[in-house]
Each structure stands twice: as C-alpha cells, then as structure tokens.
Amino acid sequence: MKMKQWAMLALFLLGGVFLLGVAASDEAASAGEELKIGAEERLGEDVHFRGLSFENAGVIDGGLFVAAQNVLVEGTVNGNVFIAGEDVVIGGVIEGDLFVAANRVTITGFVRGSVYTGCQE
C-alpha cells in the first residue's frame, strides 16, 4: 500500500473512532473494556467502540467504527466498517465498504463494497 493510501486509511479510522464517538453504550465508554453484540441483538444506528476486545454476532443497521486489540465481526453490518486493531477477523457480512488497519486481517465472510487494508498478514 502506498504511503498516501495508508495515511488516508489511518485518518479515516482514527477520525471515525475518536472524533465521532467512542462507544455504542455507556458500558463500553472507557478504554480497556470489551463489547459483545449477541446474535439476537439488532442495533439501529452507528456503533463506535474503543477498548481491548470487540465482537459482533448480531446486526448493526449503520456504520461500525472500532479501535480494539481483537476484533471479530461474525454478524451483519449494513454500513461501512472502519477498524484499527491488532488481530481482525471478518467472518460475517459487510454491506458497505471495509477499511482495516491491523497487524493481521482475516476475511472469510462477504464484503459487498470495496476492501481497503493496511496489514502485515
């Protein structure tokens, strides 16, 4: 990935997570916490989270903005996804574009839009 593309990806990720908000709920508002969205859950708006671990098995009817060490998306996101993390696994469905900056990225699911990654693996 060219330096200009990497800089734009980092700007999108950091701007989305830190400038637009830091949490989907009061329980996930501080760094170091975990957020798990269960398979039976459906969130009707954008989700913003920063912490150690994020897991989505449900449906998010909006965008997803995450900065976490470990990120697992097994559910559906009906918007764009922006992730900054150490280990990112996308096994679900992303109906929008996917932007990821991570050490390791694994995509076994479906991304309807474009995929932009900056990773070592």
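User: Which residues do ring pairs link into a cluster?

Analyst: In this predicted model, the cluster held by ring pairs consists of Phe65, Phe82, Phe99 and Tyr116. A search of the whole structure gives 4 aromatic pairs.

User: Why is the pair of phenylalanine 49 and phenylalanine 54 called tilted?

Analyst: The ring centres of phenylalanine 49 and phenylalanine 54 lie 5.9 Å apart, and the planes meet at 40°. Centres within 6.5 Å make a pair, and planes under 30 degrees apart would be stacked, over 60 edge-to-face.

User: What makes phenylalanine 49 and phenylalanine 54 buried?

Analyst: The cut-off is under 20% relative accessible area. Phenylalanine 49 has 0% and phenylalanine 54 has 1%, so both count as buried.

User: What makes the pair of phenylalanine 99 and tyrosine 116 stacked?

Analyst: The planes of phenylalanine 99 and tyrosine 116 are 10° apart, with 4.8 Å centre to centre; stacked requires under 30 degrees. Phenylalanine 99 belongs to strand β9 (residues 98-107) and tyrosine 116 to strand β11 (residues 115-119), so the pair ties together parts 17 residues apart in sequence.

User: Is tyrosine 116 buried, partly exposed or exposed, and how do you know that?

Analyst: Tyrosine 116 has a relative accessible area of 36%. Phenylalanine 99, at 11%, is buried.

User: Why does serine 53 count as buried?

Analyst: Serine 53 has 13% relative accessibility, and the limit is under 20%, so serine 53 is buried. Serine 53 sits in strand β3 (residues 47-56).

Conventions. Residues are numbered from 1 along each chain as its sequence is written. This is a predicted model: local features need pLDDT of at least 70, side-chain atom pairs count only at pLDDT 80 or more; totals for chains, interfaces and linings use all residues. Side-chain values use heavy atoms; hydrogens and water are left out. Helices (H or I, at least four residues) and strands (E, at least two) are DSSP runs, numbered from the N terminus. Buried means under 20% relative accessible area, exposed over 50%, partly exposed in between (1.4 Å probe, protein chains only). Rings of Phe, Tyr and Trp (its six-membered ring) pair if their centres lie within 6.5 Å; planes under 30 degrees apart count as stacked, over 60 as edge-to-face and the rest as tilted.
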